[in-house]
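Open the model in your viewer and keep the selection panel at hand. This tour tells you what to pick next and what is there.

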Amino acid sequence: MGRHLAPVPGAAADTVTGMDTAAVYAQFAGSQALNGDSPTYQDWALGVAADPQVCALLDTLPAPKRQPNLLFAAARLAGAPSGGWAGLRPWLLAAWPDVEREMRARATQTNEPRRCATLLPTLATIDGPIALVEVGASAGLCLYPDRYSYEYASPDGGRTRLDPADGPSEVLLPCAIEGPVPTRMPDVVWRAGIDLNPLDVRDPGDLAWLEALVWPEHTDRVETLRAAARVVAAEPPRLVTGDLLAGLADLVAAAPAEATVVVQNSAVLYYLTPPELAAFTATMGDLRRTRGVVWLSNEGWTVLPDVAARLPEGLSPQFILARDGEPLALTDPHGRSLRLL
Ligand SMILES: C[S@@+](CC[C@H](N)C(=O)[O-])C[C@H]1O[C@@H](n2cnc3c(N)ncnc32)[C@H](O)[C@@H]1O
């Protein structure tokens, strides 16, 4: 089948992006090609973009449910064959009712424990005891930075390993680092998260969904996810169901009074509308003033324009790690590297 990317006649446009479904998939394929993230998803996305029949099926869903990551993860959860679009297409048309059901029931909420490696150097500078609160926690895998082992690789070839207080963890997070290497683990005494739809790693269905959300070529990430899930399952976190705007203050109030409360968010704030983002930033300001909360934010560089504006000129970051609104480091979105500023 040819891979022409012309808009599908009569296709429904996403009222937020203004793009029709074919254009959304073509853009996604372009981003995969640019980053080299998943050749499989790039191929699948090009296939969908050029396929009016599949786009028409997607257009029966509400716009937020048509996104490539959701379709592809739902298809893999429902048993999609690995390999190229030519094999996926007939399977997808036959299995559409199953795939559609998963897409309607689920949301993209990838939980990437490796992001703890980019958080740790800053967390380690905060005197404990720490009460760690995560907004948009998914299954809470980023609430356990003190339970994982790390291996930081410096540009000069040096390697620094850090282990939890009670010995090496079965989760080893490798991370390339430019800048000071952490020398101690944070003292986390309390942890809690809030999410619109918290996932439970003890539930096989939730764990299978978390695995399906990892791009197919990233087998190392799946191994890390499974190991982190075992750590978390052994000591499940307190995860509250709710909107971060409504529930954050109560969660902070529940933290032990003697602890420094650190609120972290990673790969979450892009879900918010501009007014919601402004409200969240204002809430963080209030919590800093009234409770001495420390705010650690790790988000795509376009998400918090005020933070990006404070970066030195000439940098082209993917994610920015910021403390209380001040940029501290440029980070890889999946936690593979960080460059401290
Ligand atoms: C991409 S996941 C990131 C999970 C985790 N922070 C990490 O870095 O691995 C984003 C999570 O934010 C949650 N989320 C999005 N908007 C939210 C809101 N308004 N309130 C609470 N959670 C939200 C989603 O349900 C999802 O689980």
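Contact here means heavy atoms within 4.5 Å. This is a predicted model: local features need pLDDT of at least 70, side-chain atom pairs count only at pLDDT 80 or more, and totals for chains, interfaces and linings use all residues. Residues are numbered from 1 along each chain as its sequence is written, and side-chain values use heavy atoms, with hydrogens and water left out.

**Stop 1: R114**

Select R114. You are in the loop between helix 5 (85-105) and helix 6. Helices (H or I, at least four residues) and strands (E, at least two) are DSSP runs, numbered from the N terminus. Is R114 buried or exposed? At 6% relative accessibility, R114 counts as buried. Buried means under 20% relative accessible area, exposed over 50%, and partly exposed in between (1.4 Å probe, protein chains only).

Now show what surrounds R114. Leaving aside neighbours within four places in sequence, R114 is in contact with L173, P174, D220, T224, H334, G335 and R336. Draw the distance to D220: the two side chains make a polar contact of 3.1 Å. A polar contact is a pair of N or O atoms within 3.5 Å; within protein, one must be able to donate a hydrogen and the other to accept it, and residues adjacent in sequence count only if both atoms are side-chain atoms.

**Stop 2: helix 6**

Move on to residues 115-123, which form helix 6. Of its 9 residues, 9 are buried, so helix 6 is largely enclosed by the rest of the structure. Among the buried residues are R115, C116, T118 and P121.

**Stop 3: the ligand**

- The side chain of S266 has an N or O atom 2.5 Å from an oxygen atom of the ligand.
- A backbone N or O atom of G136 lies 2.9 Å from a nitrogen atom of the ligand.
- A backbone N or O atom of L196 lies 3.2 Å from a nitrogen atom of the ligand.

Taken alone, the ligand exposes 600 Å², and the protein buries 95% of that. Accessible areas come from the Shrake-Rupley method with a 1.4 Å probe; for residues, only the protein chains shown count as cover.

**Stop 4: S38**

Go to S38, in the loop between helix 1 (21-35) and helix 2 (39-49). S38 is buried, with a relative accessible area of 1%. Which partners does its side chain reach? The backbone nitrogen of Y41 is at 3.0 Å. The side chain of E217 is joined to that of S38 by a polar contact of 2.6 Å. Beyond four places in sequence, S38 is in contact with Q32, W215, P216 and E217.

**Stop 5: L311**

Select L311, in the loop between helix 11 (305-308) and strand 9 (319-323). L311 is buried, at 13% relative accessible area. Leaving aside neighbours within four places, L311 is in contact with P317, I320, P327, L330 and L341.

**Last stop: the whole chain**

Zoom out. The chain has 11 helices and 11 strands. Of its 341 residues, 52% count as buried. The C-alpha atoms fill a box of roughly 60 × 45 × 40 Å, taken along the principal axes.
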